[in-house]
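Subject: Handover of a structure and notes on what was found

Dear colleague,

I am handing over the structure below, together with a written account of what was found in it. Please keep the structure open while you read.

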Amino acid sequence: MGKEGKEKILFFEGTPLDKEQPYGIHIQKIGRTALHWHEGVTEILLSLRGTIRVTAAVESWVLREGEFCFVNHRSIHSLQSEEGALAALIHVNLSYFSPQFPDLPYMFFRSNPVFDGGGKMEEGF
């Protein structure tokens, strides 16, 4: 809650990555996250146990155990799991790779169409 008693619903999530590290991996139990975004970090979310609803930009989909998705940097997103799923969050440090790939921060990664029938895109979000 903020000073005025109102819940903060959108925030920048600073990902603790050393400038010299290409990525960071965190194992986390997923409940419900507020809408947030990452600056200079592409997130790869892998469901290790349970299902996770991912909402990013104007899309929403469900990851089942063993499935993953990309969340692009500066993409406003949230995660939710009613069952407290366990996930691996892999944060890719874009600035680490920028000397070799200067256009990397402008690229858009997409993963949900290649789920092999597992994850299902939801229409009409």
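This is a predicted model: local features need pLDDT of at least 70, side-chain atom pairs count only at pLDDT 80 or more; totals for chains, interfaces and linings use all residues.

**Salt bridges**

Side chains of opposite charge can pair when their charged atoms come close. A search of the whole structure finds three such salt bridges.

One of them is formed by Arg74 and Glu39, whose closest N and O atoms are 2.7 Å apart. Glu39, at 38%, counts as partly exposed.

Another salt bridge joins the side chains of Glu59 and Arg110, at 2.9 Å from N to O. Here too distant parts of the chain are linked, as Glu59 belongs to strand β6 (residues 59-63) and Arg110 to the segment after α1 (94-97), 51 residues apart. Is Glu59 buried or exposed? Its relative accessibility is 18%, so Glu59 counts as buried; the limit for buried is under 20%. Arg110, its partner, is partly exposed at 42%.

The remaining salt bridge brings together the side chains of Glu82 and Arg32, at 3.9 Å from N to O. Glu82 sits in the loop between β8 (77-80) and β9 (86-93), while Arg32 sits in the loop between β2 (23-29) and β3 (35-37), so that the pair links parts of the chain 50 residues apart. Both of these residues, Glu82 and Arg32, are exposed.

Which backbone atom does the side chain of His73 reach? It is the backbone nitrogen of Gly40, at a distance of 3.1 Å. Leaving aside residues up to four places away in sequence, the residues that His73 touches include His38, Glu39, Gly40, Val41 and Thr42, as well as Leu94 and Pro105.

Ser75 and Thr42 are 33 residues apart in sequence, and their C-alpha atoms are 9.0 Å apart in space.

Thr55 is part of strand β5 (residues 52-56). Its relative accessible area is 15%, so Thr55 is buried. The side chain of Thr55 is joined to that of Ser60 by a polar contact of 3.5 Å.

**Aromatic rings**

A pair of aromatic rings is described by the distance of the centres and the angle of the planes. How many aromatic pairs does a search of the whole structure find? The search finds three. One of them is formed by Phe68 and Phe70: the centres are 5.9 Å apart, the planes are at 85 degrees, and the pair is edge-to-face. Phe68 is partly exposed, with a relative accessible area of 38%, and Phe70 counts as partly exposed at 25%. Ring pairs also bring in Phe109, so that Phe68, Phe70 and Phe109 are linked into a cluster.

Tyr23, Ile25, Ile27 and Leu48 make a nonpolar surface patch of about 400 Å². Which strand contributes the largest share of the patch? It is β2, from which three residues come. Ile25, one of the patch residues, is found in strand β2. Its relative accessible area is 51%, and Ile25 is therefore exposed.

With kind regards

Key:
Residues are numbered from 1 along each chain as its sequence is written. Side-chain values use heavy atoms; hydrogens and water are left out. Helices (H or I, at least four residues) and strands (E, at least two) are DSSP runs, numbered from the N terminus. Buried means under 20% relative accessible area, exposed over 50%, partly exposed in between (1.4 Å probe, protein chains only). A polar contact is a pair of N or O atoms within 3.5 Å; within protein, one must be able to donate a hydrogen and the other to accept it, and residues adjacent in sequence count only if both atoms are side-chain atoms. A salt bridge is a side-chain nitrogen of Lys or Arg within 4 Å of a carboxyl oxygen of Asp or Glu. Contact means heavy atoms within 4.5 Å. Rings of Phe, Tyr and Trp (its six-membered ring) pair if their centres lie within 6.5 Å; planes under 30 degrees apart count as stacked, over 60 as edge-to-face and the rest as tilted. Patches are made of residues with over 30% relative accessible area and no salt bridge: like charges are joined within 9 Å, nonpolar side chains (Val, Leu, Ile, Met, Phe, Trp, Tyr) within 5 Å. Accessible areas come from the Shrake-Rupley method with a 1.4 Å probe; for residues, only the protein chains shown count as cover.
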